[in-house]
There are 2 protein chains.
Amino acid sequence: MADGTGARNETIVPVILSGGTGTRLWPVSRKAYPKQFWPLISGRTMLQETAARAAGNGFAPPIVVANEEHRFIVAEQLREADAEGARIMLEPEGRNSAPAITAAALLIAETDPDAVLWIMAADASIADTAALLSALGIAVRAAREGFIVTFGMRPTAAETGYGYIERGPALDGHDGAFRIARFIEKPEAATATALIADGRHFWNSGMFVATARTLLAEMERLAPDVARASRVAFDARQLDLDFIRLGAEGFRSSPDISIDYAIAERTDRAAVVPAAIGWSDVGSWSAIWEVAAKDASGNAAMGEALIEDSARCYVRSEGAVTAVLGLEDVVVITTPDAVLVTHRDKTQNVKSVVDRLKRDKRPEAEAHNRVYRPWGFYESLIQGDRFQVKRIVVMPGAKLSLQKHFHRAEHWVVVAGSALVTRDAETHLVRENESLYLPLGCVHRLDNPGRIPLTLIEVQSGAYLGEDDIVRYEDTYGRS
Amino acid sequence: MADGTGARNETIVPVILSGGTGTRLWPVSRKAYPKQFWPLISGRTMLQETAARAAGNGFAPPIVVANEEHRFIVAEQLREADAEGARIMLEPEGRNSAPAITAAALLIAETDPDAVLWIMAADASIADTAALLSALGIAVRAAREGFIVTFGMRPTAAETGYGYIERGPALDGHDGAFRIARFIEKPEAATATALIADGRHFWNSGMFVATARTLLAEMERLAPDVARASRVAFDARQLDLDFIRLGAEGFRSSPDISIDYAIAERTDRAAVVPAAIGWSDVGSWSAIWEVAAKDASGNAAMGEALIEDSARCYVRSEGAVTAVLGLEDVVVITTPDAVLVTHRDKTQNVKSVVDRLKRDKRPEAEAHNRVYRPWGFYESLIQGDRFQVKRIVVMPGAKLSLQKHFHRAEHWVVVAGSALVTRDAETHLVRENESLYLPLGCVHRLDNPGRIPLTLIEVQSGAYLGEDDIVRYEDTYGRS
């Protein structure tokens with residue numbers, strides 16, 4: 001790299017944290033398929049954008065730390081994005097960033113304790129990659145001397161949704177890097193206005209750069225509980241398919257704490273590199289409107305949206321045609337099973353809607369109608385009294401588990417591709433426009449032996465149609 | 001009737017005009033299934049509310065004049081509402097109210113030229129039926145003396161969406177009735193404010209009361225083209241099932257003109273009965289919000305709606321859960337295939353959205369995803385490349401036409417009820433959880449011989465899946 005990260009970029013390891021749930025971007029982002037897996041700014045998902053940004057330049061392949069539940073989504077998106085050599089480390093459950101980063105540092109330290117971790121969220125947007133790489137060069141040099149370096153984003157507005165960093169004196173011998181005077185929690189509006197006026201305060205981007213050795217030493221010293229739990233989880237890790245699965249017991253015993261609280265705000269080795277890189281945490285629909293392409297009236301439209309006589313609106317449809325007429329500063333998000341309409345100034349409060357849906361035990365709070373599985377996905381087309389219709393798409397070469405149901409029979413109609421179906425002792429090749437009946441209680445398996453995705457329509461019939469009426473005998477993906 | 005319409009209520013014939021398209025209530029109301037067929041104010045549809053209001057009190061059974069396309073919807077809704085003896089007169093196409101009313105007057109004059117027509121729209125709301133009947137009594141007495149009487153609604157606001165009537169001198173011997181000084185087109189806001197201040201101006205409700213004799217004589221005199229065309233259409237009428245189908249050629253030759261322009265505004269026999277009956281034309285989402293039940297913040301919610309931190313909003317969902325957060329005076333309407341979000345002050349402009357969708361040849365402009373047929377309904381669940389899945393519901397005793405398709409094969413899976421299926425020379429009884437395959441080109445028919453509705457899932461497969469790929473050989477409903 002020409003800009004000075006040195007000749008040893010292969011010892012810079014991007015660590016991508018994919019643990020967020022993106023609740024404020026409901027109804028597109030939901031716990032089961034959150035923000036980082038959606039294309040929000042470009043045609044690529046946030047995770048893919050992040051992986052692309054961390055690729056090339058001789059960097060080591062990234063380590064993605066993700067929730068166990070999302071493992072197949074992460075793997076598929078990395079595969080699509082040609083993120084070669086990426087390793088996926090699985091958290092049994094979310095415990096915030098400190099244990100996730102510690103586990104990644106332990107993995108990296110096994111081969112090179114002096115390698116530099118470049119830690120980033122999977123769901124931020126950065127417009128100016130060249131400026132980012134330049135700032136990274138400064139950060140890496142400081143990190144190699146034992147500092148834990150964060151990036152200070154030059155504020156473009158008196159933002160109350162971000163934490164701030166106040167820089168201290170310049171770091172000797174490191175042009176562009178400073179000691180950190182203090183961290184400031186998300187401020188009130190008046191405070192934010194004061195903070196951005198003096199040029200010494202920056203948004204805390206949540207990116208960190210440090211060597212594995214420094215991180216582990218500081219974690220031992222300042223957050224020994226986290227260090228210990230992460231070590232136990234790491235030592236109990238298992239390789240499962242292509243995943244590094246952390247030990248559940250150890251991981252769960254860690255405090256639920258961010259890297260900021262655990263060490264960054266307490267260490268005397270903290271440094272900040274101020275940078276103007278067009279960063280956004282894409283933390284709300286309002287933030288997405290900010291970075292979206294807009295028409296002359298300031299409206300941004302995605303999908304089947306139609307905007308008339310309106311200004312400064314963000315309208316996104318993942319389904320039904322959505323018409324907005326005579327409004328200002330309104331956000332409208334349409335998905336197949338949920339619609340959100342809110343003022344642009346209120347998008348920080350979307351969580352209250354999700355909380356209310358959760359209290360009402362509505363599935364729309366946390367899950368989408370389309371459910372991703374290691375073999376493809378399914379979605380419910382209609383649920384009636386004693387019947388349900390699903391579309392099932394199976395990727396080439398993939399197969400579902402060998403299973404049976406106690407309460408439902410199924411009709412399968414193949415509408416694209418070919419299915420190899422095991423039904424008790426028989427095997428059938430079912431082609432496009434052919435169907436097969438699976439009586440209640442039969443042991444069956446669905447396999448796509450072909451080169452193109454298999455689409456079938458499943459009509460279920462029975463008194464109970466819950467997803468939990470399934471007995472798995474054998475599964476390619478470790479689920480039996 | 002105690003309030004003085006006299007002992008001869010059986011000679012009062014309600015004439016219900018069901019010709020509107022209710023475009024401003026898109027996306028619920030669309031041309032193929034417009035406003036008057038939806039439950040907008042109560043659990044009953046507007047047509048059913050109207051028919052109930054015109055029933056009892058010894059009135060003759062109503063005549064409903066409706067568009068040919070809507071005949072089965074009208075018949076089904078009247079049947080559901082127990083509107084016994086109702087006659088349904090079909091317009092081959094909409095030509096506004098003058099020819100429709102003339103044809104109804106001709107029908108009534110055949111048995112009693114002195115019978116009184118009580119003409120009303122199928123899609124207005126009236127809160128105070130007692131006050132309505134009282135005003136009707138006054139109107140009927142004047143009508144029997146040769147007047148064409150309208151009702152003047154006491155204005156409750158400086159409404160710019162309605163036409164106004166200025167009353168003239170009192171009608172001698174008819175307490176509560178007045179001659180009409182002039183009709184005033186929808187005014188500007190300032191004019192409207194002036195109009196409602198003097199107590200002499202009223203909203204024009206579009207209800208009329210007159211004898212068949214008076215109406216026909218005035219139509220001959222003032223609008224002879226309408227009178228002639230309606231006469232030709234009436235003489236060529238055919239009884240088709242339970243419908244009176246007007247002659248298409250004659251009807252189409254009539255000018256497209258309202259009763260107001262054709263005679264009411266030009267006759268010297270016009271009279272007005274002022275009345276406060278809680279009338280609304282329910283002509284926009286804002287008007288529906290006005291009459292809807294509201295919470296303490298003035299919000300009205302229908303269906304799966306969730307409103308937080310908002311005021312004076314109207315939120316209606318016919319499908320996806322719809323959350324509204326931090327907004328004021330906003331209307332949100334969710335349907336399975338279209339969403340409208342607009343300011344309450346802009347609901348008069350919804351037509352511009354529909355016009356734009358029409359220009360873009362979007363089906364959502366005029367048709368719903370669910371399509372009603374004489375035998376029941378169907379709806380598309382998903383359309384893919386070379387396949388489509390539909391839910392088909394067939395009423396007990398109903399049957400589809402004998403038909404075939406050139407470009408698609410169909411799989412039918414019965415999920416409720418029983419189907420009697422004719423497939424070429426065979427007949428099959430297909431029960432719940434059974435399926436049948438209909439190869440491309442076979443001649444087939446679907447019949448529900450049972451006592452409960454039949455639901456089946458149809459999976460279509462083929463290169464062309466348009467509704468027009470159908471050859472009908474025989475049809476119970478006169479469509480072959």
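In chain A, 9 residues of domain 1 are in contact with 17 residues of domain 2, contact meaning heavy atoms within 4.5 Å. This is a predicted model, in which local features need pLDDT of at least 70 and side-chain atom pairs count only at pLDDT 80 or more, while totals for chains, interfaces and linings use all residues. Residues are numbered from 1 along each chain as its sequence is written, chains are lettered from A and ligands numbered from 1 in the order in which they are written, and side-chain values use heavy atoms, with hydrogens and water left out.

**Domains of chain A**

- The assignment divides chain A into domain 1 (9-280), domain 2 (293-364) and domain 3 (370-474); such bounds come from an automatic or database domain assignment.
- The centres of domain 1 and domain 2 of chain A, taken over C-alpha atoms, are separated by 30 Å.
- An unreviewed UniProt entry lists residues 362-475 of chain A as "domain: Mannose-6-phosphate isomerase type II C-terminal"; UniProt positions follow the numbering used here, feature names are shortened, and annotations may be inferred rather than shown by experiment.
- Residues 362-475 of chain A are 0% helix and 56% strand, with the end C-alpha atoms 30 Å apart. Helices (H or I, at least four residues) and strands (E, at least two) are DSSP runs, numbered from the N terminus.

**Relation of the two chains**

**Helix α2 of chain A**

- Buried residues in helix α2 (residues 71-80) of chain A include Arg71(A), Phe72(A), Ile73(A), Val74(A), Gln77(A) and Leu78(A). Buried means under 20% relative accessible area, exposed over 50%, and partly exposed in between (1.4 Å probe, protein chains only).
- Among the elements covering these residues are β1 (12-18), α1 (46-53), β2 (63-67), β3 (87-91), β11 (243-245) and β18 (370-373) of chain A.
- Asp82(A), which follows α2(A), has a positive phi, near 55 degrees.

**Aromatic pairs and charges over rings**

- Over all chains there are 20 aromatic pairs. Rings of Phe, Tyr and Trp (its six-membered ring) pair if their centres lie within 6.5 Å; planes under 30 degrees apart count as stacked, over 60 as edge-to-face and the rest as tilted.
- Tyr33(B) and Tyr372(B) are stacked, because their ring centres are 4.6 Å apart and their planes are at 25 degrees.
- Tyr33(B) lies in the loop between β1 (12-18) and α1 (46-53) of chain B and Tyr372(B) in strand β18 (residues 370-373) of chain B, so the pair ties together parts that are 339 residues apart in sequence.
- Tyr33(B) is buried, at 12% relative accessibility, whereas Tyr372(B) is partly exposed, at 34%.
- In chain A, one aromatic cluster is formed by Tyr33(A), Phe37(A), Trp38(A), Tyr372(A) and Phe377(A).
- Arg167(A) lies over the face of Phe178(A), 4.6 Å from the ring centre, and the charged end of Arg344(B) sits over the ring of Trp289(B), 3.6 Å from its centre. The criterion is NZ of Lys or CZ of Arg within 6 Å of the ring centre and within 35 degrees of the ring normal.
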